[in-house]
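Please look through the structure below.

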Amino acid sequence: MKKVTHFQNDSLTAKLLDQQDPLKEFREQFHIPKRNNKEVIYFCGNSLGLQPKITSEKIDFELKKWAEKGVDAHFDDDPWIYHHHKGKKAISNLVGAKIHEVVAMNNLTTNLHLLLASFYQPKGNRKKIIIEKGAFPSDYFAITSHMKQKGINPNDHLIEISPDENGYLSTEKICHVILTAKDTLALVMLPGIQYYSGQFLDLKSITNAAHKVGAYAGFDLAHVVGNIPVKLHEDQIDFAAWCSYKYLNSGPGNVSGVFIHETHGNNSNFPRLTGWWGQNETIRFKMKNYFDPIPGVDGWMLSNANIISSAAHLASLELFEKVGIHELRKKSVLLTGYLEYLLKNNVAIKPHINILTPENKSERGCQLSLYFYNQGRRAFDHLAKNGVVLDWREPNVIRVAPVPFYNTFQEVGRVVDLLNQVFV
Ligand SMILES: *Cc1c(COP(=O)(O)O)cnc(C)c1O
C-alpha cells in the first residue's frame with residue numbers, strides 16, 4: 001500500500017489515510033445516527049458525542065443490580081457507595097492529574113458554582129475576575145452571580161478581555177491584562193478551548209501570570225477533555241471543570257468532571273460548600289454534625305452518585321483507557337489538519353470563508369470554526385440536506401468537529417466536496 005506522506009487534494013488520499021489509520025476499528029464501537037435510513041456524517045461531537053455500543057450494557061448492569069439487590073447494592077462487594085472511585089484513574093489520565101485531584105459529580109454549571117464558592121474569596125481591593133469577552137453564557141452567569149451575591153458590581157470588577165477581529169485571544173494580551181490588574185485581581189477564569197473560535201489557550205502561561213499577582217487561575221475545560229491532553233497538576237492549575245457529554249461521549253447532560261489541585265484540595269480548611277458525601281468515608285454513616293472532609297477533591301462532593309448515568313460515563317472512559325488520549329490526539333491533528341488543507345486548497349470555497357480557529361496545531365483541538373462572508377446559511381442547509389450534522393453559531397459560523405474516535409478522512413473529504421457544490 002502506498003504510504004501517504006503529505007496531503008493531496010484527491011479522493012485516493014482520503015482512502016489511504018483511512019486504511020493507514022491505526023484507530024480505524026474504533027468507529028465500530030459507536031452508534032452512528034441515521035437520517036432517512038442512511039448514516040449521517042457526524043461532525044458535532046463538540047456538542048454531543050456519540051453513544052458507545054457498550055453504554056447500554058453498563059447501564060443495564062446497574063439496573064439489574066438495583067432490581068436484584070435494592071439497597072444492599074450500596075454495600076455489596078462492588079459497592080455503589082464507592083462508585084465514584086471507579087472513573088478516577090481514567091479521568092486523571094485524561095487531564096494529567098493525581099487520583100485524588102479529580103472526581104466526576106453533579107453537572108458542569110453546578111460545579112462552576114461550587115468552585116467559585118471556594119476560589120472567589122474577594123478581600124479588600126482584591127475583587128476582580130478576568131474572563132473573555134463572549135464567554136459561554138452559563139459561565140458568565142455563574143461568575144456574575146457570585147459577584148452580585150457578595151455585593152460586588154460586575155460593571156466595576158469584571159474584566160472581559162476582547163479577542164481580535166478574528167476571535168483570537170493572544171497569550172501576551174491575557175497575561176498583560178492579568179499583570180496590569182495586579183493585586184486587585186482575585187481570579188482568572190477562562191475556557192480551555194473557546195467554544196466559538198475553537199482556540200485552545202495556553203493554560204500554563206495564564207496560570208503563571210495569575211499566580212505572579214497572587215490570584216487563582218481556573219478553567220472551563222468543556223471543549224478540552226477527551227480532545228486535547230492537558231497537565232493540570234504539573235502546570236499548577238488551581239481548579240477546572242468540564243462536562244462529559246461533548247468529547248467524552250457519556251450522554252446528554254451527564255455528570256461533570258472536577259479538578260482541584262492538591263495544594264488546595266488537601267487543605268481541610270479551604271472554604272467550600274459542603275454535603276455529606278464529602279465527609280470522611282470512615283465516619284460518613286455515623287451521621288455526626290462535624291465535618292471532616294475527605295482529602296482532595298472528594299471533600300467537595302455533595303451527594304451520593306447518580307449510579308445509572310455514571311455507568312454511561314464509565315463505559316466511555318473505558319474506551320478512552322483502551323486507546324489513550326495521546327493516540328487520539330495524534331489522529332485528531334491529522335484529521336483536522338486534513339480538513340484545513342482541503343478547505344485552503346479549494347479555489348471555489350477559499351474566498352468565501354475565514355477559518356477563525358488558529359492555524360497553529362498547538363492552539364486548537366478537533367474543531368475548526370468557519371466564518372462565512374456570505375451564503376453561510378445556504379452552505380449549512382446544503383450540508384444538512386446531504387446528511388452532515390454540524391452546528392450553526394450566529395451570525396455566520398459553522399463549527400466543524402471531526403472526532404478521531406469515530407470520524408474518517410473520507411468523511412472530511414465528502415464534507416468539503418459538498419461545500420464545493422455550494423460555491424462552484
Ligand atoms: C457545554 C458548555 C457548558 C454547558 O453547561 P452545562 O452545565 O453542562 O449545561 C458550559 N460552559 C461551557 C464553556 C461549555 O462549553
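**Cysteines and overall form**

The closest cysteine sulfur to that of C243 belongs to C44 and lies 13 Å away, too far for a bond, since a disulfide is a pair of cysteine sulfur atoms within 2.5 Å. This is a predicted model, in which local features need pLDDT of at least 70 and side-chain atom pairs count only at pLDDT 80 or more, while totals for chains, interfaces and linings use all residues. Residues are numbered from 1 along each chain as its sequence is written, and side-chain values use heavy atoms, leaving out hydrogens and water.

**Cysteines**
- A disulfide is a covalent bond between the sulfur atoms of two cysteines.
- By the distance rule, the count is zero disulfides.
- C243 is buried, at 2% relative accessibility (buried means under 20% relative accessible area, with a 1.4 Å probe and protein chains only).
- C175 is also buried, with a relative accessible area of 13%.

**Size and fold**
- The C-alpha trace spans about 70 × 60 × 35 Å along its principal axes.
- Of the 424 residues in the protein chain, 56% count as buried.
- Among contacts (heavy atoms within 4.5 Å) between residues at least 6 apart in sequence, 69% join residues at least 24 apart.

Conventions
Buried < 20%, exposed > 50% of the residue type's maximum accessible area, 1.4 Å probe, protein only.
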